[in-house]
Amino acid sequence: MSKLEKAKGFKKSKPGTYLSIGTSLFGAVSIIKQAKKARFENDKLMLADAVVSAAAIVTGVALLVRELRRMGDDDVLLG
């Protein structure tokens, strides 16, 4: 099995999915900072960008959580 095949396998695994969720949530920190800055500067375009980016993060995390549920994860947090 090549390194690329192993990497693809990890991405589809439970630990890989948890890592993707964590990475997505870490990205939310910069979106929050952007939104605060936009509100402070009264920059509606930057605020709109932050809102769209936040929606993308929420959607991405929801898809990852759904993938975990399909894997049959018994984690208490996922129900």
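This is a predicted model: local features need pLDDT of at least 70, side-chain atom pairs count only at pLDDT 80 or more; totals for chains, interfaces and linings use all residues.
Visitor: At roughly what angle do the axes of helix α2 and helix α3 cross?
Guide: Two packed helices are described by the angle between their axes and the distance between the axes. Helix α2 covers residues 14–41 and helix α3 covers residues 44–70. Their axes come within 9 Å, and the crossing angle is roughly 165°.

Visitor: Are α2 and α3 roughly parallel or roughly antiparallel to each other?
Guide: The axes of α2 and α3 cross at roughly 165°. Angles over 145 degrees count as roughly antiparallel. The two helices α2 and α3 are therefore roughly antiparallel.

Visitor: Is the crossing of α2 and α3 left-handed or right-handed, and how many residues of their contact are nonpolar?
Guide: The crossing of α2 and α3 is left-handed. The residues of the contact include six polar and five charged ones. The nonpolar residues of this contact number 16.

Visitor: Which residues does isoleucine 57 touch, not counting residues up to four places away in sequence?
Guide: Isoleucine 57 sits in helix α3. Leaving out residues up to four places away in sequence, isoleucine 57 touches Ser24, Gly27, Ala28 and Ile31.

Visitor: How far apart in space are leucine 63 and isoleucine 21, C-alpha to C-alpha?
Guide: Leucine 63 is found in helix α3. In sequence, leucine 63 and isoleucine 21 are 42 residues apart. In space, their C-alpha atoms are separated by 9.5 Å.

Visitor: Is leucine 63 buried or partly exposed?
Guide: A residue counts as buried under 20% relative accessible area and as exposed over 50%. Leucine 63 has a relative accessibility of 44%. Leucine 63 therefore counts as partly exposed.

Visitor: What is phi of asparagine 42 near?
Guide: Asparagine 42 lies in the loop between α2 and α3. With a relative accessible area of 60%, asparagine 42 is exposed. Its phi is positive, in a residue other than glycine, and is near 55°.

Visitor: What share of the residues in the chain is buried?
Guide: The accessible surface of the chain comes to about 6300 Å², and 65% of that belongs to carbon and sulfur atoms. The chain has 79 residues. Buried residues make up 19% of them.

Visitor: Among contacts between residues at least 6 apart in sequence, what share joins residues at least 24 apart?
Guide: Contact here means heavy atoms within 4.5 Å. Of the contacts in the chain between residues at least 6 apart in sequence, the share joining residues at least 24 apart is 58%.

Note on methods. Residues are numbered from 1 along each chain as its sequence is written. Side-chain values use heavy atoms; hydrogens and water are left out. Axes are lines fitted to C-alpha atoms, for helices over the stretch in contact, and angles run from 0 to 180 degrees between N-to-C directions. Helices (H or I, at least four residues) and strands (E, at least two) are DSSP runs, numbered from the N terminus. Angles under 35 degrees count as roughly parallel, over 145 as roughly antiparallel, 65 to 115 as roughly perpendicular and the rest as oblique. A crossing is left-handed if the near helix is turned anticlockwise from the far one by less than a right angle, and right-handed if clockwise. Ala, Val, Leu, Ile, Met, Phe, Trp, Tyr, Cys and Pro count as nonpolar, Asp, Glu, Lys and Arg as charged, and the others, Gly among them, as polar. Buried means under 20% relative accessible area, exposed over 50%, partly exposed in between (1.4 Å probe, protein chains only). Accessible areas come from the Shrake-Rupley method with a 1.4 Å probe; for residues, only the protein chains shown count as cover.
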